[in-house]
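Welcome! Take a look at the sequence and the structure below, then try each exercise before reading its solution.

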Amino acid sequence: MSQDPAVALEEFLSAVRQHFAAAAHRTSDTDPRVQAAYMALADAFELYEDALYTAYDEVTPFELFDDVEDAREDGDDEDDDDEFDDQVDLGEDADEADEQDDDED
């Protein structure tokens, strides 16, 4: 069942806002509201990207951290996705790259 990409976008943006609110009012490192908002955001993103691809044959420049890790475990991260080399990994690797850039400055 395909979803209207405009509806999926609004749901994704709502999930981003909910995640932000939960993170801004975090009570601990394991706050269940933040964890729930994180999962809801990931789910909403996947639905949006699927709807965007189905309707317009288009993707976003992002990958979910779990998807990146799964690909690394499978050994697929560099071999199969040459056309997506410009995609952004929003996981820990991005933080490490930022730290390296700071060290070079």
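The exercises that follow concern a predicted model.

**Exercise 1. Decide which parts to read with care.**
Which element has the lowest mean pLDDT, and which the highest?

*Solution.* 
Step 1: Begin with the chain. Its mean pLDDT is 80, and 66% of the residues reach 70 or more.
Step 2: Turn to the elements. Helix H1 (residues 5-24) has the highest mean pLDDT, 98, while strand E2 (residues 88-89) has the lowest, 47.
Step 3: Look at the stretch of residues 77-98. The pLDDT is below 50 there, although the model gives this stretch 21 contacts beyond near neighbours in sequence.
Step 4: Draw the lesson. Where pLDDT is low, predicted coordinates should not be read in detail.

**Exercise 2. Describe how two helices pack.**
Work out whether H1 and H2 are roughly parallel or antiparallel to each other.

*Solution.* 
Step 1: Check the axes. Those of H1 and H2 come within 8 Å and cross at roughly 160°.
Step 2: Apply the cut-off. Angles over 145 degrees count as roughly antiparallel, so H1 and H2 are roughly antiparallel to each other.
Step 3: Note the hand. The crossing of the two helices, H1 and H2, is left-handed.
Step 4: Follow His19, a residue of helix H1. Apart from neighbours within four places in sequence, His19 is in contact with Val34, Ala37, Tyr38 and Leu41. Its C-alpha atom lies 9.1 Å from that of Met39, a residue 20 places away in sequence.
Step 5: Glu10 and Tyr48 are 38 residues apart in sequence, yet their C-alpha atoms are 8.8 Å apart. With 49% relative accessibility, Glu10 counts as partly exposed.

**Exercise 3. Examine the salt bridge.**
Which residue forms a salt bridge with Arg33, and is that partner, Asp31, buried or exposed?

*Solution.* 
Step 1: Side chains of opposite charge can pair when their charged atoms come close.
Step 2: Find the pair. The structure holds 1 salt bridge. Arg33 forms a salt bridge with Asp31, and their closest N and O atoms are 3.1 Å apart.
Step 3: Compare accessibility with the cut-offs. Asp31 has a relative accessible area of 2% and is buried, because buried means under 20%. Arg33, at 48%, counts as partly exposed.
Step 4: Look at Pro32, which lies in helix H2. At 58% relative accessibility, Pro32 counts as exposed. Its C-alpha atom is separated by 9.3 Å from that of Ala22, 10 residues away along the chain.

**Exercise 4. Follow the chain beyond H2.**

*Solution.* 
Step 1: Start inside helix H2 (residues 32-56), where Glu49 lies. Glu49 has 17% relative accessibility and counts as buried.
Step 2: List its partners. Beyond neighbours within four places in sequence, Glu49 is in contact with Glu58, Val59, Thr60 and Phe62.
Step 3: Move to Asp57, in the loop between H2 and strand E1 (62-63). Phi of Asp57 is near 55°, a positive value in a residue other than glycine. Asp57 counts as exposed, with 55% relative accessibility.
Step 4: Finish at Phe65, in helix H3 (residues 65-74). Phe65 counts as partly exposed, at 23% relative accessibility. Phe65 and Ala42 are 23 residues apart in sequence, with 9.3 Å between their C-alpha atoms.

Conventions. Residues numbered from 1 in each chain as written. Heavy atoms only, no water. pLDDT = per-residue confidence, 0-100. Helix = DSSP H or I, 4+ residues; strand = E, 2+ residues; numbered from the N terminus. Contact = heavy atoms within 4.5 Å. Salt bridge = Lys/Arg side-chain N within 4 Å of Asp/Glu carboxyl O. Buried < 20%, exposed > 50% of the residue type's maximum accessible area, 1.4 Å probe, protein only. Axes fitted to C-alpha atoms, helices over the stretch in contact; angles between N-to-C directions. Parallel < 35°, antiparallel > 145°, perpendicular 65-115°, else oblique. Left-handed = near helix turned anticlockwise from the far one by under 90°.
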